[in-house]
Amino acid sequence: MAKSMVVLGSTGSIGTQALEVANKHKIAVRAVSARKNTALLAAQAREFGCASACVSEESSFSELKTLLFGSGITPLCGEDGLCEIAAREDCDTVLNAIVGMAGLKPTLAAVAAGKDLALANKETLVAGGELVMNVIREKGVALYPVDSEHSAIFQCLQGNDRKELNRVFLTASGGPFRGKKKEDLAHVTREQALNHPNWSMGAKITIDSATLMNKGLELVEAVRLFDLAPEQIEIVVHRESVIHSAVEYKDFSVIAQLGVPDMKIPIQYALLYPHRCECPTKQLSLADYGTLHFERPDFETFDCLRACILAVKAGGSLPAAVNGANEEAVAAFLAGRMDFLTIGKAVMAVAEQFSPQPLTSPDVIYAADAAARAFVRESFIPKSFIRE
Ligand code: NAD
Ligand code: MG
């Protein structure tokens with residue numbers, strides 16, 4: 001159970017909810033971080049009596065210094081600042097809620113310093129692969145999943161023999177375009193893709209949910225976290241997001257974890273494990289839902305899902321490349337420089353054309369990420385393309 005923690009990405013959707021949980025359960029917060037939202041970051045650092053606050057963008061550093069002047073809170077900046085707070089001596093747990101590959105270095109810094117990890121930043125596990133899992137095992141730190149599906153799987157594994165696990169049902173809401181075909185998605189706008197039916201989340205993961213890349217990333221995340229073969233994971237579209245995932249044992253008994261779609265439940269479980277106490281959220285009323293629906297995912301329409309399966313089967317640096325391609329493509333889509341369907345095309349092209357390298361060092365991960373981003377920029381983002 002976390003007593004004192006550092007929250008990386010504290011100004012985001014997960015980060016702010018993690019602070020709510022910390023507040024309710026009196027977990028001390030030693031440091032917070034953001035990319036550039038200095039006003040909220042400084043307010044959080046003051047409210048939680050943090051020792052330090054870090055902003056990633058160097059151009060926002062002077063603003064942060066001004067905002068923290070006289071508070072006794074140390075302002076830090078950049079990747080070095082992030083790694084410094086991730087390794088602070090006065091915390092036992094690092095909650096990483098940064099979005100994207102930017103979360104990898106601070107995760108490694110936290111593990112190297114022997115911190116337990118509450119990990120929302122799935123890109124760390126996807127890109128970092130076996131390399132990250134190996135350092136976590138070698139250091140003997142605990143890794144608590146924050147992602148709701150992985151928290152569900154983790155919860156369903158409690159008290160059972162891991163060797164008796166058969167397979168996992170990874171549930172997916174299907175996103176805003178469930179049931180649509182490629183021809184329906186040719187003119188999707190940013191606003192339509194950002195309109196998730198069940199979850200309120202940051203922009204990048206919301207787009208990933210619309211392309212089903214999020215489910216592909218989560219499949220890779222589940223393979224890494226629970227040491228599963230990709231074939232042991234069955235993705236099930238479940239539009240209500242009430243069953244957060246389930247596991248099947250050798251006797252074909254299936255155990256699922258249910259709850260309202262609210263990230264505070266998995267965040268709290270990651271921080272209070274193995275304890276359970278009241279969570280600041282609504283209770284589930286199954287009768288109000290009445291019916292729960294399940295269907296197979298549409299692999300034809302959602303290229304990203306196929307790309308992730310290809311990548312995890314190939315292993316090595318390919319998941320890092322596919323993740324990098326997606327980050328580049330989603331940023332371009334959000335900036336109005338790429339069509340919705342091109343995200344899937346770009347990610348699939350990288351999955352098919354890049355060859356996996358063995359993950360001998362973090363440099364291999366960064367090289368695969370950079371090469372995939374460059375490939376997407378050159379091949380899929382016409383310089384003149386501006387969406388109306
Ligand atoms: P968000 O965009 O709301 O917040 C991201 C946070 O990271 C912010 O504090 C931002 O300032 C910071 N950040 C962004 N880019 C950064 C960079 N380059 N360097 C350092 N800091 C940076 O995102 P979110 O929705 O909270 O998601 C965070 C992570 O959690 C993602 O990996 C996402 O996939 C995962 N996740 C989110 C949800 C959810 O409900 N939001 C659910 C499951 C998993
Ligand atoms: Mg999830």
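**Exercise 1. Find which residue ranges the domain assignment gives, and how far apart the domain centres lie.**

Step 1. Start with the ranges: the chain is split into domain 1 (4-121) and domain 2 (150-385). These bounds come from an automatic or database domain assignment. You're looking at a predicted model, where local features need pLDDT of at least 70, side-chain atom pairs count only at pLDDT 80 or more, and totals for chains, interfaces and linings use all residues. Residues are numbered from 1 along each chain as its sequence is written, chains are lettered from A and ligands numbered from 1 in the order in which they are written, and side-chain values use heavy atoms, with hydrogens and water left out.

Step 2. Now the spacing: 25 Å separates the C-alpha centres of domain 1 and domain 2.

**Exercise 2. Work out in what order the strands of the seven-stranded sheet run, and which strands stand at its edges.**

Step 1. Walk across the open sheet and you meet its seven strands in the order 4-3-2-1-5-6-7, with parallel pairing. Strands (E, at least two residues) and helices (H or I, at least four residues) are DSSP runs, numbered from the N terminus. Two strands pair if DSSP finds at least two bridges between them.

Step 2. At the edges are strand 4 (74-77) and strand 7 (143-145); each has a single partner strand, so one side of each is left without a neighbour in the sheet. From one strand to the next, the twist averages 20 degrees.

Step 3. Zoom in on one pair: strand 3 (residues 52-55) and strand 4 are parallel and share four bridges. Here Ser 52 sits opposite Thr 74 of strand 4.

Step 4. Contact means heavy atoms within 4.5 Å.

**Exercise 3. Describe what domain 1 and domain 2 bury between them, and which salt bridge the rule finds across their interface.**

Step 1. On the domain 1 side 19 residues are in contact, and they meet 22 residues of domain 2. The two domains bury about 1600 Å² between them, 73% of it on carbon and sulfur atoms. Buried area is the accessible area (1.4 Å probe) that two parts lose on being put together, summed over both.

Step 2. The rule finds one salt bridge across this interface. That term means a side-chain nitrogen of Lys or Arg within 4 Å of a carboxyl oxygen of Asp or Glu. Lys 264 and Glu 20 join their side chains in a salt bridge, at 4.0 Å from N to O.

Step 3. Who supplies the domain 1 side? Helix 1, strand 5 and helix 5 (104-112) each give at least two of the residues that touch domain 2. Helix 1 gives the most, with seven residues.

**Exercise 4. Find the order of the four-stranded sheet and its edge strands.**

Step 1. This open sheet has four strands in the order 9-8-10-11, and its pairing is mixed.

Step 2. Strand 9 (233-237) and strand 11 (254-258) are at the edges, each with a single partner strand, so one side of each has no neighbour in the sheet.

Step 3. Strand 8 (residues 165-172) and strand 10 (residues 243-249) run antiparallel, joined by four bridges. Leu 165 faces Tyr 249 of strand 10.

**Exercise 5. Locate the cis peptide bond.**

Step 1. Look between Tyr 273 and Pro 274, where omega is about 5 degrees.

Step 2. Pro 274 belongs to the loop between helix 11 (264-272) and helix 12 (286-289).

Conventions:
Axes fitted to C-alpha atoms, helices over the stretch in contact; angles between N-to-C directions.
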